[in-house]
Amino acid sequence: MPDTLTIIDNRTGKRYEIPILYGTYPRHDAAIRGTDLRPIRASDEDFGLLSYDPAFLNTAACKSAITFIDGDRGILRYRGYPIEQLAEHSTYLETAYLLLHGELPTAAELEEWTREITHHTLIHESIKKFMDGFHYDAHPMGMLVSTVAALSTFYPEARNVNDPETRRRQIVRLIAKMPTIAAFAYRHRVGLPYAYPDNELSFTGNFLNMMFRMTEPKYRPDPVLERALDVLFILHADHEQNCSTNAMRNVGSSLADPYVCVAAAAAALYGPLHGGANEQVLRMLQEIGSKSRVPEYIARAKRGEFRLMGFGHRVYKNYDPRARILKEMAIRVLDITGRSPLLDLAMELERIALEDEYFVSRRLYPNVDFYSGIIYQAMGFPIEMFPVLFAIPRTAGWLAQWQEMLTDPEQRIARPRQIYVGPDARDYVPLDKRGGRAAATRGDDVGRVASVSDTTL
Ligand code: SDX
C-alpha cells in the first residue's frame, strides 16, 4: 500500500493524494505536510484548507534529533540514550554536551567543555547594580528572566546567530552564567552578599556554593546533595517541544539573539502549568497538610475546582519516567536531610489518585514536578527558587533546540495562520453617532481618569 492519504472533498467531489511523510512508530511519527492541504479549495477564490489545532495538540512544528519521548510507554531518551542510564552514569555538563553536540564527549572533549563552562561563570559587575534595583522580595524567576534578557546588552555580537563560533560562545556563556544569576537572585532576596563562583568546584557544587556559602573561606558541598542536584539537572535538561522550548524556537526564528530567546523561554517556563508547577506542588501539599485531607482535595480536583499540581502531562499518558527516578531520589535524599511529612503526603496523594477512575481514565500520572520540589525543599532551597532550578538545566535543552532550528533548512520565521471569527468589513462610526452604550461607557472612563487618586505607581 502507498504511503499516501486520499482525500475526497465532498464540497467539490475532487480527489487529492497527499503523501504521508516519514515512517511509522517507533522510528518516526507519520505526518502529512500542512501545506499539502492548501490546494484543497471549495472555489478558486478560496484560500485553501488550513489545519486548525489550538495549543498544537496534534501538530509537529519541526523535525528534531535531540529528544525522543514515547508518552504511552513512558520512554524518554536524549540523543537515543535512555534517561535512566544518563541519570545513573552521566553528569549534567556531559548531558548538556550530548544535547548540544549529538554525541557523548571524549575525555578530552569533556575536560575542555568543563573548563570553558567553569571559566565563564562570572557575570559583569554592572549586572549587580541591575539586580540591586529589584524590590527586596522580588520573585527570583522574575529577576532571572529580566537579567538574562539584559545579558543581551553586554554581548551585542550575539545577534550574529548564523555564525557557529559566535553561537558557541553565547551557548557557553548562558550555560555557565545561569547558576550565577540564579544564586545572585536568591542572595538579593534574602539580603545576603553575593557569593562568587569557586572554579575548583563542580557545576552543581559551585551553584550550591553561590547559594549557601556564608562566612566560611571555602564552601564544601555535601557530595550526596551535589550529586542529587546533578541528577535533577540531567532530568530537567530537555523535553522536546514543550511550551518553553516552543517559545525558544519561536523567538529564535526571527533571528533574535540567544539571550532574549532564553529569557522568553524562561518566561514561558514560569507559568504554573509548566515549570512553575513544582512551586505550586509544594504550596498544594502544604495546604492539604495531612493525609486525612487528601480525599477532600481529590474530590475537589475531580469537580474541576483546581488542578492537582504535578499531575498530568500533554505527552505522557503513563508514569513520567523522570517522576519515577525522582520519587526514589526523594526517599534517598530525605534519609539524609530528615524525613519530610510532605513526602509521605505526596505518596499518599499519588496512591489514592492512581486508584481513582477520574485520574485513571484521563491517564493522569505524576509528572517531573510532583516530587522535585520535595527534594529541593529538603536540600534547603526556598519554594520560590523551584522554577529557577528548572530553568538552569533546561537552558542546555533550549539552546540545543534553538541551534537545531537555526541550522534546519526547512525552518524560517514562525508565523502561523488563524481562523478569523471577527466582524465583517464595516464603516467607521463618528463618536456622536454611536448610540447609548458607547457614550455611557466613555463617560465613565472620563470620570475614572479624572480622579488622580486612581493612578498608582
Ligand atoms: C511540565 O510539555 C512538557 O514536556 C512539559 C514538561 C517539560 O519537561 O518541559 O514535562 C514540564 O510542564 C510538566 C507539567 C507540569 N504542570 C502541572 O503539573 C500542572 C497540572 N497539570 C495540568 O495542568 C495538565 O495536566 C497539563 C498542563 C500538564 C497538561 O494539560 P493538557 O494536556 O492540556 O491536558 P488538559 O488540560 O486538556 O486535561 C485533560 C483532562 C481535563 O479534564 P476533562 O476536561 O477531560 O474533564 O484532564 C484533566 C483536565 O481537567 N486534568 C487534570 C489535571 N491535568 C489534566 N485534572 C486534575 N488535575 C490535573 N493536574
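A residue is buried if its relative accessible area is under 20%, exposed if over 50% and partly exposed in between (1.4 Å probe, protein chains only). The model is predicted, so local features need pLDDT of at least 70 and side-chain atom pairs count only at pLDDT 80 or more, while totals for chains, interfaces and linings use all residues. Residues are numbered from 1 along each chain as its sequence is written, and side-chain values use heavy atoms, with hydrogens and water left out.

**Figure 1. The whole chain.** Of the 457 residues of the protein chain, 46% are buried. The secondary structure consists of 18 helices and five strands (DSSP runs numbered from the N terminus: helices H or I of at least four residues, strands E of at least two). The C-alpha atoms fill a box of roughly 75 × 70 × 55 Å along the principal axes.

**Figure 2. The stacked pair Y155 and Y259.** Rings of Phe, Tyr and Trp (its six-membered ring) pair if their centres lie within 6.5 Å; planes under 30 degrees apart are stacked, over 60 edge-to-face and the rest tilted. The count by this rule is 20 aromatic pairs. Y155 and Y259 are stacked because their ring centres are 5.4 Å apart and their planes stand at 25 degrees. Y155 lies in the loop between α5 (140-151) and α6 (164-190), and Y259 in helix α10 (residues 258-269), 104 residues apart. Y155 is buried at 14% relative accessibility, and Y259 is buried at 0%.

**Figure 3. The edge-to-face pair F370 and Y371.** The ring centres of F370 and Y371 are 4.9 Å apart, with 80 degrees between the planes. F370 has a relative accessible area of 0% and is buried; Y371 is also buried, at 0%.

**Figure 4. The nonpolar core around I175.** A nonpolar core is a set of buried Ala, Val, Leu, Ile, Met, Phe, Trp, Tyr and Cys residues joined through side-chain atoms within 4.5 Å. The largest such core has 122 residues, of which Y92, W113, I175, F207 and F381 touch the most other members. Helix α17 (residues 386-406) gives this core its largest share, 13 residues. Leaving aside residues up to four places away in sequence, I175 has contacts with residues including Y92, W113, F203 and L399 (contact: heavy atoms within 4.5 Å).

**Figure 5. An aromatic cluster.** One cluster is formed by Y92, Y186, F203, F207, F212, F233, Y376, F381 and F386.
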